[in-house]
Amino acid sequence: MTGRRRPLPRPFSSVPAATTASAAACTAVLASLLSGCGSPAGAAEDSGDKATVTVMTWAPEGTKATNMPGMPAMAQAYARWVNSRGGIRGHHLKVLTCNEQNDSVTAAHCAQRAVTEGAVAVVGSYSQFGRSFMSPLEVKGIPFIGGYGASDEEFESPLSYPVNGGQASLLAGNGRQLADDCSRVALVRPDTIQGDQMPSLLNSGLQSGHRHPAKDIKAPEDGTDYSSEVNRALDDVDADPAVHGTSAAGGKAPGSCVAASLGDHTDTFFDSFRRLQEDRPKVRVASVLGSVGQSLLNRTGGSAGPLEDADITGWYPVAHDPRWQPMRKVINDFAFDDNRIDPADQGVQTTWIAYTVLRALIGQLDDAGVDDITPHALQTTLDRGDHAIDTGGLTPKLRWRDEDMLAVQDFPRIVNGMVTYQVVRDGELTAAQDGFVNVTKTLERRRTDS
């Protein structure tokens with residue numbers, strides 16, 4: 001955890017959830033990708049000879065830990081789309097990509113390359129090594145727009161402009177989601193610096209529902225078998241076959257829940273869980289989007305798999321929501337069958353939202369008569385926040401003024417405390433309730449010693 005760069009900002013005023021009516025209104029204009037409902041897909045861009053806008057998107061690819069190849073791939077597809085329409089207000093968009101390799105040194109190299117090659121912003125990227133990549137950007141005043149939220153610095157640096165509440169909101173939200181049904185919870189999480197924050201975040205949600213803190217089970221981030229962790233989790237939530245019978249015989253342990261958040265290795269955990277669960281009573285399972293997605297549900301057996309009925313917390317509407325249709329059309333038309341891009345992946349979705357923000361900012365500068373898109377111009381526009389940015393209902397309208405920051409300990413740059421509750425039904429991720437859930441108060445009450 002780094003030191004504070006600015007005083008703790010004032011609390012955020014709650015933002016109303018996106019309504020079903022607004023989603024329906026957006027659906028009516030999807031085919032032509034018009035600008036109604038604040039849709040990120042606008043009318044045809046002006047053509048012209050304005051300067052190229054260069055940005056960078058980085059993410060780890062081909063590593064043994066978490067990989068996010070869809071993020072740079074989505075950025076490239078987005079650039080092809082806007083450039084086919086004359087660019088962003090006449091500015092050709094050039095996207096640099098970098099494989100961050102889940103390595104602190106490489107993350108710093110990616111940031112330095114962004115500086116060297118004249119990027120005006122880093123947009124929609126993933127890295128756990130904020131301490132490595134933020135410093136080079138801060139020296140040159142390059143804003144970091146809409147990162148995935150995987151590092152503390154994304155919620156501390158005055159040059160960072162997050163579009164979601166990061167790991168903090170997901171885990172706090174998952175705790176609140178579990179509190180309705182779970183009297184005993186075990187959390188299986190990576191044995192890393194980032195993982196060390198997870199228990200207190202989940203517990204903030206559990207405690208808001210007057211539940212006891214979860215049992216904390218550390219696991220290797222790149223494990224190949226999690227049998228030991230599965231057995232410990234089931235023991236800790238009193239899933240005793242002598243008392244409740246076995247799941248193979250229909251036995252259930254009421255109130256017993258296991259949450260797992262291990263990034264790309266969550267599927268390995270549930271492989272182990274599936275094998276060992278048969279000899280134990282059935283327990284409720286949970287996770288967060290990013291660790292669990294539709295592709296994982298499909299791989300683990302769908303409706304017959306261990307994640308059926310699981311409680312899942314995400315940042316955005318479910319993948320089949322009509323508000324995602326503009327993104328899906330861009331993927332269909334400009335990704336050229338790039339199998340790295342999964343429209344249901346939160347990394348891909350975050351990248352789309354981040355580039356929506358960039359496009360809106362360039363539009364605001366153009367409206368103000370500013371043709372030279374510089375890091376300083378973007379930062380000033382973001383900090384001033386004269387106009388809230390509409391993401392088409394995928395998030396609340398976004399601003400990053402001091403008064404928009406939430407009063408969240410350790411995460412002062414959060415401006416969006418909304419999450420969505422989802423559940424696995426018949427092997428599919430579906431909305432557990434309409435609209436967003438505001439976990440701002442839960443985060444503000446979080447105790448780091450819980």
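What is the volume of the largest cavity?

The structure is a predicted model, in which local features need pLDDT of at least 70, side-chain atom pairs count only at pLDDT 80 or more, and totals for chains, interfaces and linings use all residues. Residues are numbered from 1 along each chain as its sequence is written, and side-chain values use heavy atoms, with hydrogens and water left out.

**Stop 1: the largest cavity**

The largest cavity has a volume of about 370 Å³. On a 1 Å grid over the protein atoms alone, a cavity is a set of points where a 1.4 Å probe fits but cannot get out; a pocket is an open set with protein on both sides within 12 Å along at least five of seven lines; lining residues have an atom within 4 Å of a point. Grid points are joined across faces, edges and corners, and a volume is the space filled by probe spheres set on the points.

Select Y126, Q167, M198, S261 and G263, which are the closest to the centre of the largest cavity among its 24 lining residues. Next, colour helix 5 and helix 6 (193-196), each of which supplies at least two residues of this lining. Helix 5 gives the most, with 3 residues. Helices (H or I, at least four residues) and strands (E, at least two) are DSSP runs, numbered from the N terminus.

The lining of the largest cavity divides into 12 nonpolar, 11 polar and 1 charged residues. Here Ala, Val, Leu, Ile, Met, Phe, Trp, Tyr, Cys and Pro count as nonpolar, Asp, Glu, Lys and Arg as charged, and the others, Gly among them, as polar. The model holds 4 cavities of 30 Å³ or more.

**Stop 2: the second largest pocket**

Select D264, G290, S295, R299 and D345, which lie nearest the centre of the second largest pocket. This pocket has a volume of about 480 Å³ and is lined by 24 residues. Helix 10 (266-277), helix 11 (294-299) and helix 13 (346-367) each contribute at least two residues to its lining. Which helix provides the largest share of the lining of the second largest pocket? That share, 4 residues, comes from helix 11. By class, the lining consists of 7 nonpolar, 11 polar and 6 charged residues.

**Stop 3: the disulfides**

A disulfide is a covalent bond between the sulfur atoms of two cysteines.

Move to C182 and C257, whose sulfur atoms are 1.9 Å apart. C182 is in the loop between helix 5 (166-179) and strand 6 (184-190), and C257 is in strand 8 (residues 252-260), so the pair ties together parts that are 75 residues apart in sequence.

**Stop 4: S127**

Select S127, in the loop between strand 3 (121-123) and helix 4 (130-140). S127 is buried, with a relative accessible area of 1%. Its side chain makes a polar contact with the side chain of E100 (2.6 Å). A polar contact is a pair of N or O atoms within 3.5 Å; within protein, one must be able to donate a hydrogen and the other to accept it, and residues adjacent in sequence count only if both atoms are side-chain atoms. The backbone nitrogen of F129 lies 3.0 Å from a polar atom of the S127 side chain.

**Stop 5**

Most residues other than glycine have a negative phi. Phi of Q101, however, is near 60°. Q101 sits in the loop between strand 2 and helix 3 and is partly exposed, with a relative accessible area of 42%. Finally, select D410, where phi is near 80°. D410 is in the loop between helix 14 (375-384) and strand 11 (418-425) and counts as buried at 14% relative accessibility.

How values were computed: A disulfide is a pair of cysteine sulfur atoms within 2.5 Å. Buried means under 20% relative accessible area, exposed over 50%, partly exposed in between (1.4 Å probe, protein chains only).
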